[in-house]
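Here is a quick tour for anyone meeting this structure for the first time. Have a look at it, then read on.

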Amino acid sequence: MEHQYNKTITACFVGCIVQAVVNNFTPLLFLFFQRSYHIPLSQITLLVTFNFGIQLMVDLLSVGFVDRIGYRASMIMAHVLSAAGLILLTVLPELLPSPFAGILIAVMIYAVGGGLLEVLVSPVVEACPSDNKERAMSMLHSFYCWGHAGVVLASTLFFHVAGIGNWKILAVFWALIPIGNAVAFAKVPIALLIEEGESGLQLKELFRVKVFWILLIMMICAGASEQAVSQWASTFAEKGLGISKTAGDLAGPMAFAILMGTSRLFYGRYGDRIDLDRFMVYSCCLCILSYLGISLIPVPQFSLIACAVCGLSVGIMWPGTFSKASAALPRGGTAMFALLALSGDIGCSGGPTLVGMVSGALGDDLKIGVLAGIVFPVLLLAGVILCGKMKRYS
């Protein structure tokens with residue numbers, strides 16, 4: 001029976017790639033938009049906040065409608081909105097009186113699609129019959145990393161060969177991926193997350209369970225541990241090694257994303273032989289060491305290596321927490337996955353913000369800012385240990 005769901009799992013893998021496209025393609029065009037449409041940099045930077053703000057809102061609101069309309073309809077809608085936003089990005093800036101308004105509307109549309117995908121892909125994979133859920137979850141989230149790396153590499157190559165002025169062709173190409181995957185989700189089998197005749201836990205029931213609060217904090221820390229370094233890796237590369245922005249992006253965030261994906265792929269391949277709790281504990285310890293290396297060792301090359309090692313260490317944190325939640329709360333349902341995604345996004349936003357605020361308060365010393373961020377992997381380590389001591393809630 002399991003083999004008939006292989007296409008479903010593959011479609012979810014592609015869904016993670018779609019999510020990577022909508023999050024990482026437009027930022028590559030920010031400076032081009034600034035020059036071409038004469039948009040102030042303050043407005044351009046607002047697009048990132050707006051994108052993730054919309055996704056946070058969708059994470060929260062999805063609790064109320066995903067179960068009503070079903071996972072298949074929700075998945076198709078997520079992909080259609082992702083494709084529509086990318087295509088409208090090529091049209092609306094010229095059609096509307098304000099180019100920025102056109103970009104903002106396009107970002108809003110694909111952000112709704114991206115937010116839905118974040119809520120949906122994990123429970124759909126979790127519901128599929130599988131010998132090892134943890135392996136499947138880790139493999140799933142590795143595809144976001146490969147998607148991120150692929151978008152940056154393919155787009156950089158396209159801009160070099162065809163010129164950034166032809167970016168609209170590339171945007172339409174990226175839109176073809178969610179269009180094709182929407183067709184796939186119209187056909188693939190989708191299993192029930194909760195057994196027929198049973199109901200998922202309501203919000204008030206979830207909030208009464210102590211382990212759920214620990215899991216929420218773990219998700220915040222997982223997102224923060226990842227992004228607190230990832231968002232500043234390019235700056236480390238540029239300032240420490242004196243290289244260009246393009247080279248800094250490849251040496252910093254690209255190396256981080258590839259090693260993070262490698263960690264998830266490794267557990268996805270060999271997770272049946274590895275205890276998840278032990279793997280997460282070791283990963284948290286490695287993450288703490290990488291933060292200390294970035295912050296305390298005054299050798300720029302070593303700081304960059306420590307940034308890359310941090311990517312390796314955080315790989316299991318996000319999918320591992322999802323897997324622990326599924327095992328601890330088998331009736332958690334859509335509400336649980338949506339709130340976990342919401343918490344993860346809060347961490348993704350809060351981690352870099354804390355690093356930036358501390359750095360700014362102490363004379364733009366980025367190393368001290370990262371040192372302050374060490375609180376996130378430390379708390380995550382405590383959460384893994386606490387969860388291991390608590391009984392499964394059913």
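Which side chain meets that of Arg264 in a salt bridge? Glu226 does, at 3.6 Å from N to O. A salt bridge here is a side-chain nitrogen of Lys or Arg within 4 Å of a carboxyl oxygen of Asp or Glu.

Before going further, keep in mind that this is a predicted model, where local features need pLDDT of at least 70 and side-chain atom pairs count only at pLDDT 80 or more, while totals for chains, interfaces and linings use all residues. Residues are numbered from 1 along each chain as its sequence is written, and side-chain values use heavy atoms, with hydrogens and water left out.

**Salt bridges**

- Side chains of opposite charge can pair when their charged atoms come close.
- Searching the whole structure turns up four salt bridges.
- Back to the opening pair: Arg264 sits in helix 12 (residues 245-270) and Glu226 in helix 10, so their bridge ties together parts that are 38 residues apart in sequence. Helices are DSSP runs of H or I with at least four residues, numbered from the N terminus.
- Arg264 and Glu226 are both buried. Buried means under 20% relative accessible area, exposed means over 50%, and partly exposed is in between (1.4 Å probe, protein chains only).
- Lys324 bridges to Asp277, and their closest N and O atoms are 2.6 Å apart. Lys324 belongs to helix 15 (residues 317-328) and Asp277 to helix 13 (residues 276-296), so this pair links parts that are 47 residues apart in sequence.
- Lys324 counts as buried because its relative accessibility is 11%, whereas Asp277 has 25% and is partly exposed.
- Lys168 and Glu94 also meet through their side chains in a salt bridge, at 3.2 Å from N to O. Lys168 is in helix 8 and Glu94 in helix 5 (residues 92-95), so the bridge joins parts that are 74 residues apart in sequence.
- Lys168 is partly exposed at 29% relative accessibility, and Glu94 is partly exposed too, at 45%.

**Aromatic rings**

- The structure holds 12 aromatic pairs. Rings of Phe, Tyr and Trp (its six-membered ring) pair if their centres lie within 6.5 Å; planes under 30 degrees apart count as stacked, over 60 as edge-to-face and the rest as tilted.
- One of the pairs is Phe33 with Trp167: the ring centres are 5.3 Å apart and the planes are at 75°, so the pair is edge-to-face.
- Phe33 comes from helix 2 (residues 30-37) and Trp167 from helix 8, so this pair ties together parts that are 134 residues apart in sequence.
- Phe33 is buried at 0% relative accessibility, and Trp167 is buried at 2%.
- Phe266, Tyr267, Tyr270 and Phe279 gather in one aromatic cluster.

**A nonpolar patch on the surface**

- Ile87, Phe173, Leu176 and Ile179 make up a nonpolar surface patch, with about 350 Å² of accessible area together. Patches take residues with over 30% relative accessible area and no salt bridge, joining like charges within 9 Å and nonpolar side chains (Val, Leu, Ile, Met, Phe, Trp, Tyr) within 5 Å. Accessible areas come from the Shrake-Rupley method with a 1.4 Å probe, and for residues only the protein chains shown count as cover.
- Helix 8 (residues 167-185) gives the largest share of this patch, three residues.
- Ile87 sits in helix 4 (residues 71-89) and is partly exposed at 33% relative accessibility.

**Helix 10**

- In helix 10 (residues 210-230), 21 residues should span 30 Å at 1.5 Å a residue, and the end C-alpha atoms are 31 Å apart, which agrees. The expected span is 1.5 Å times one less than the number of residues.
- Of those 21 residues, 17 are buried, so helix 10 is largely enclosed by the rest of the structure.

**Other spots to look at**

- Asn51 lies in helix 3 (residues 41-69) and is buried, with a relative accessible area of 4%.
- The side chains of Asn51 and Asn23 make a polar contact at 3.3 Å. A polar contact is a pair of N or O atoms within 3.5 Å; within protein, one must be able to donate a hydrogen and the other to accept it, and residues adjacent in sequence count only if both atoms are side-chain atoms.
- His38 is in the loop between helix 2 and helix 3, and its phi is near 55°, a positive value in a residue other than glycine. His38 is exposed, at 68% relative accessibility.

Methods
Helix = DSSP H or I, 4+ residues; strand = E, 2+ residues; numbered from the N terminus.
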